[in-house]
Amino acid sequence: AASENNHVYTYTTKVQRPLEIIDGRRISPDNISTPLIPMSRNEYMALSDKSSSGVVTQFYYDPQLTNGKLYVWPTCADVQDTLEFTIKRPIQDFDAGSDDGDFPVEWTDAITLNLAVRIGIKLGVPLAPELKELAVKSKFMAQSFDREKTSTYFQVETRQ
């Protein structure tokens with residue numbers, strides 16, 4: 001039960017345990033996104049008052065073996081704020097014949113052709129050079145598809 005003007009949060013499915021949290025954002029009630037600063041385990045454990053409350057600015061994620069643990073600092077003072085994360089998650093297991101691949105469709109050729117090459121080598125089957133070449137090209141094309149299309153800038157650091 002909830003009273004008037006209270007906030008209630010719920011979810012329908014629990015997210016699979018993340019392997020890693022790449023980055024995080026705090027979202028205010030008026031939809032303003034503020035980046036969170038990731039902390040190492042040592043940095044989090046070195047905090048003297050882990051229970052101080054305020055606006056969340058930092059996080060530490062411990063993946064554990066079964067259920068990961070997320071620690072934020074300071075603890076949230078305004079329950080209207082939400083946190084969003086970009087995560088790395090495990091790839092789905094192929095443990096049933098009806099399972100679909102947990103990868104983008106652009107990777108289908110690369111995975112099937114390279115798997116054929118690996119199985120052929122393992123079984124000692126002579127492989128046509130065209131198959132090996134096609135496997136390499138398909139992997140290159142798939143990797144090219146997944147690259148972010150942004151520039152990289154380098155700058156010399158001057159020291160005095």
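Trainee: In S8, which residue is the bridge partner of Ile 27?
Mentor: This is a predicted model. S1 covers residues 20-27, and S1 pairs with S8 in the antiparallel sense over seven bridges. In S8, the partner of Ile 27 is Thr 82.

Trainee: What is the strand order of the open sheet of three strands?
Mentor: The edge strands are S2 and S8, each pairing on one side only. Neighbouring strands of this sheet are turned by 30° against each other on average, direction ignored. With antiparallel pairing, the order is S2-S1-S8.

Trainee: Is Asp 81 buried or exposed?
Mentor: Asp 81 is found in the loop between S7 and S8. Leaving aside neighbours within four places in sequence, Asp 81 is in contact with Arg 26, Ile 27, Ser 28 and Pro 29. Its relative accessibility is 14%, and buried means under 20%. Asp 81 therefore counts as buried.

Trainee: Which residues form the largest nonpolar core?
Mentor: One of the core residues is Val 56. Not counting residues up to four places away in sequence, Val 56 touches Leu 36 and Val 72, among others. The core has six residues: Ile 21, Leu 36, Val 56, Phe 59, Tyr 61 and Val 72.

Trainee: What is the omega of the peptide bond from Trp 73 to Pro 74?
Mentor: Most peptide bonds are trans. Pro 74 is found in the loop between strand S6 (69-73) and strand S7 (75-76). The bond from Trp 73 to Pro 74 is cis, with omega near -15°.

Trainee: Is Asn 31 buried or exposed?
Mentor: Asn 31 is found in the loop between strand S1 (20-27) and strand S2 (33-35). Its phi is near 70°, a positive value in a residue other than glycine. The relative accessible area of Asn 31 is 62%, and the cut-off for exposed is over 50%. Asn 31 is therefore exposed.

Trainee: What is the phi of Gln 64?
Mentor: Gln 64 is found in the loop between strand S5 (58-62) and S6. With a relative accessible area of 38%, Gln 64 is partly exposed. Most residues other than glycine have a negative phi. Gln 64 is not a glycine, yet its phi is positive, at about 55°.

Trainee: At what angle do helix H2 and helix H3 pack?
Mentor: Two packed helices are described by the angle between their axes and the distance between the axes. For H2 (residues 108-123) and H3 (residues 129-145), the axes are 8 Å apart. H2 passes H3 in a left-handed crossing. The angle is about 145°.

Trainee: How many nonpolar residues does the contact of H2 with H3 have?
Mentor: On the H2 side, the contact is made by Asp 109, Ala 110, Leu 113, Asn 114 and Val 117. The H3 side includes Leu 131, Leu 134, Ala 135 and Ala 142. By class, the contact has two polar and three charged residues, and the number of nonpolar residues is seven.

Trainee: What distance separates the C-alpha atoms of Asp 99 and Pro 38?
Mentor: Asp 99 lies in the loop between strand S8 (82-88) and H2. Leaving aside neighbours within four places in sequence, Asp 99 is in contact with Gln 92, Asp 93 and Phe 94. Asp 99 and Pro 38 are 61 residues apart along the chain, and their C-alpha atoms are separated by 35 Å.

Methods:
Residues numbered from 1 in each chain as written. Predicted model: local features only at pLDDT ≥ 70, side-chain atom pairs only at ≥ 80, totals over all residues. Heavy atoms only, no water. Core = buried A, V, L, I, M, F, W, Y, C linked by side-chain atoms within 4.5 Å. Buried < 20%, exposed > 50% of the residue type's maximum accessible area, 1.4 Å probe, protein only. Contact = heavy atoms within 4.5 Å. Axes fitted to C-alpha atoms, helices over the stretch in contact; angles between N-to-C directions. Helix = DSSP H or I, 4+ residues; strand = E, 2+ residues; numbered from the N terminus. Left-handed = near helix turned anticlockwise from the far one by under 90°. Nonpolar A, V, L, I, M, F, W, Y, C, P; charged D, E, K, R; others polar. Pairing = 2+ DSSP bridges.
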